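Subject: A structure for you to explore

Hi there,

Here is the structure I promised to pass on to you. Have a look around it first, and then read my notes below with the view open beside them.

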Amino acid sequence: MLALDELLNTDFDLPKIISSSTLNPRMKSSSLLTQLKKARKGKNLSVPDLISIENLTLADLELIFDLTGVFKKFIESGDKKCDLLRGKTIINFFNENSTRTRSSFELAGKHLGADVVNVSGSASSGKKGETLGDSARTLDALNADLLIIRDANSGASFQLSQLTQAPVVNAGDGWHEHPTQALLEAFTLREKFGKQKLTYLFVGDALHSRVFGSQVRLYQKLGFEIRLAAPATLIPKGIENWGVKVFYKIEDALPGCDAIHAIRLQTERAAGKFVATGREYSKNYCLNPARVALAKKDAVILHAGPVIREFDIRTEVLESPNCLVQQMVKNGLPIRMALEWLLISNPKKKINPWK
Amino acid sequence: MKTILIKNGKVVNPLNRRNPVRIADIFIRDGKIAKIKQNLARPGADIVIDAKGKLVTAGLVDMHVHLREPGREDKETIATATRAAAKGGITTILGMPNTNPTIDSQTTVKFVLEKGREEGIVNVLTAGALTKNMEGKELAEIWEMKMNGASMVIDDCAEEQGMGLRRLALEYCKTFDMPILTHPEDADLKDDAVMNEGWAATRMGLSGSPASTESLVIARTLELLREVPTPYHFTHVTTARSVELIREAKKTGLPVTADVTTHHLLLTDEACLNYNTAAKVDPPLRTEIDRLALIEGLKDGTIDAIITDHAPHLLVEKFVPFAEAAVGIVGLETLFALSYTELVEKKILSLTEFFAKLTVNPAKIIRSNRGTIEEGVTADISIFDPKMEWKIDKNKFETKGRNTPFDGWKVKGKTSEVIVGGAPVVRQGELLK
């Protein structure tokens, strides 16, 4: 069996791994492993969990992006399955509806050869009277090697991560963060722009968006010039501390922008009352061709999905060649493969909080 | 009843203008302070306490405590709350009426006072609700509650309550000279907020309530008080603007008073970071600017008293996601040490000013004859060792609540002896029973 530690080991024995591997010959297993090894250089994430972008160092980001590139090529080669995580268990613990994010995490785990289990609940455990500690002990009792947690409550993933021995990935917590979604977008931008420091504009509901919560931290780390165009009702307080320049009028914000990200109005999170009507919001903030024309010539259009067509973005813009939404969705898989592998193979183990 | 002689303590009496702090002996007989004098010779005293190097004060008065009994005896009982109070050097506590059933009638007022007498080891007083069942719809029987011993009535603002009823309430309470205490927080502005609005909340993706949630209620209440001046107390104020409004109101002669909690004096909303549910409290912890304004308010007399807002909860209620966690902090056992460390050790308040805010001032607001240390008064006395350094350990609390953000804090000043009504309840830092 392929042990992760072997891969990190300096005297790692390639033929032995190949012999135990079930890799499809279209991309040589040796090639994947060599490339992964080359990209990883024996490095590990500086953190045991992925809760907030805040905790990642620039070196962590580089490591994640480099490995994502390798995994992406591997997927594109036509093969998808390897056994880097064979014998490992990943639990998707989703307390909030999600199909796309959950499937992406699940597929990533399966591509890596892990056993993936989905545990879902309609409400968070707290509402059912279970403490975080009890939830954590239940999850740990399943002997998971990685927990992917989504919860409607901001902080739930962090709080659980403090109580579990298994590493935790925050797959979205309330209005707080959704780090993998931000990372996949940053990777997509890197494919297009390299390491350029971009002028980046958010449009819309920053207040209720956890994706924004992760992106703004990430782009601050990467040295972007960050702008936000939104009505005052949807702007989080203190946002200037993240270096965000705020505009009420989208037309004022667009000139000079390399990238424009439309944030969906989170109507399911009662954001509805923050604007008078969808019509009025859309008239002021929808990304239409005339507005996009104010940005730099090759400015790219981004969206974390699901897109509300003609409301967040006009179809002409969404289907223009500069719209990277499809690439983002594609990149979701390799970025999650990279993270799942990095977190499970991190030799720095968490301390059992119950001992 | 045994006689007690307290020797060589540093006696602090804020009411003694000429000599508020002096080394003296105190002789207690028949439950009363018989004599305060230097080098008092009373060789026959049954109990002699050596208070050399210690602070001798009237027992502390905490005018804001959630007793939880009746109704939530799993969180706290009157008995356990009084044990916690005694451990903290507090000899008089005022219970809040948001129990189950609500303290809104003579029957419930009597229940709390009787239970306090039977099972409490310190003095238990109670406030009543301003409106029936605290629903903000109809006035409760305020006169009858007062006749049966309720100290004041509370307008909790938990329910949205019309201004019309509020103005009527002022007139009604004025009629019977019943002081009103309010928790100034506008329910509509607060909405679903779980902490203070600002950078800390933004970083955590939590909804916050603006400072105006509080100052707005104070401002509109002051407008009503201009027309109907009657004793009115704003409890646990938290914002700079609130302090400003109350300062101005006092200048114009309105009969208003205010208090602040230890946690608002020591912490800001940054204490909630990392989803620390122990720091989730109502009203929420605010910013450093607000905290400094509260300290300024204490110094210049705008804020009259320091309280605990002791609010015990079950472990399970805090061991959930932040937004779902219960609000409240326990404080009876940390009131003195935290405020002494912050205010006296840092030379923000003099000993006299400090003890005034923990004894005579709150006693005056709730119309209690306790909280003073003079010849002839009932002997409620606490003795603190101001040099003793210790570490707060929530697992050693007498209260049933373990919800404190101060666990593990190193503080200075510890309860040494407590005497209630002339009888010792704490000796050398330990409860007697």
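Predicted model: local features only at pLDDT ≥ 70, side-chain atom pairs only at ≥ 80, totals over all residues.

Let's start with one pair of residues in chain A: Ile148(A) has Val169(A), in β4(A), as its bridge partner.

How far can you trust it? The model scores are ipTM 0.90 and pTM 0.92. In chain B the average pLDDT is 96, and 99% of the residues reach at least 70.

Two sheets in chain A

Now zoom out from that pair of strands. β3 and β4 of chain A sit in an open sheet of four strands, ordered β2-β1-β3-β4, with parallel pairing. Its edge strands are β2 (115-120) and β4 of chain A, and each of these pairs on one side only. On average, neighbouring strands in this sheet are turned by 15 degrees against each other, ignoring direction.

Chain A also has an open sheet of five strands, in the order β7-β6-β5-β8-β9, and its pairing is parallel as well. Which strands stand at its edges? They are β7 (244-247) and β9 (300-303) of chain A; each has a single partner strand, so one side of each is left without a neighbour in the sheet. From one strand to the next, the twist averages 25 degrees. Inside this sheet, strand β5 (residues 199-204) of chain A and strand β8 (residues 259-263) of chain A are paired in the parallel sense over five bridges. One place to look is Tyr200(A), which stands opposite Ala259(A) in β8(A).

Chain A as a whole

Chain A contains 14 helices and nine strands. Of its 355 residues, 48% are buried. Among the contacts in chain A with a separation of 6 or more, 74% are between residues 24 or more positions apart.

The chain is divided into two domains: domain 1 covers 4-178 + 332-344, and domain 2 covers 179-330. Where they touch, domain 1 of chain A gives 25 residues to the contact and domain 2 of chain A gives 20 residues. On the domain 1 side, α4 (58-76), β4 (168-173) and α14 (325-344) of chain A each supply at least two residues. That side of domain 1 has twelve nonpolar, eight polar and five charged residues.

Where the chains meet

How many residues does each chain bring to the contact between A and B? Chain A brings 24 residues and chain B brings 16 residues. On the chain A side, the elements giving two or more residues are α6 (132-141), α7 (156-161) and α9 (210-221) of chain A. The largest share of that side, three residues, comes from α7(A). By class, the chain A side has six nonpolar, 13 polar and five charged residues.

Over to chain B

Here you can find antiparallel pairing. Strand β5 (residues 55-58) of chain B pairs in this sense with strand β17 (residues 381-391) of chain B over four bridges, and Leu55(B) stands opposite Phe384(B) in β17(B). β17(B) also pairs in the antiparallel sense with strand β18 (residues 410-420) of chain B, over eight bridges. In that pairing, Ile383(B) has Glu417(B) as its bridge partner in β18(B).

Some backbone details to find

Most residues other than glycine have a negative phi, and most peptide bonds are trans. Chain B has some exceptions. The peptide bond from Asn100(B) to Pro101(B) is cis, with omega near 5 degrees; Pro101(B) lies in the loop between β7 (90-95) and α2 (106-119) of chain B. Asp282(B) and Pro283(B) are also joined by a cis peptide bond, with omega about -10 degrees, and Pro283(B) is in the loop between α9 (262-266) and α10 (288-299) of chain B.

Asn8(B), in strand β1 (residues 4-12) of chain B, is not a glycine but has a positive phi of about 60 degrees. Met134(B) is not a glycine either, and its phi is positive at about 55 degrees. Met134(B) counts as buried because it has 23 C-beta neighbours inside 10 Å.

Methods
Residues numbered from 1 in each chain as written. Chains lettered and ligands numbered in written order. pLDDT = per-residue confidence, 0-100. Domains from an automatic or database assignment. Contact = placed C-beta atoms within 7 Å. Nonpolar A, V, L, I, M, F, W, Y, C, P; charged D, E, K, R; others polar. Pairing = 2+ DSSP bridges. Axes fitted to C-alpha atoms, helices over the stretch in contact; angles between N-to-C directions. Buried ≥ 20, exposed ≤ 12 C-beta atoms within 10 Å, placed from the backbone.
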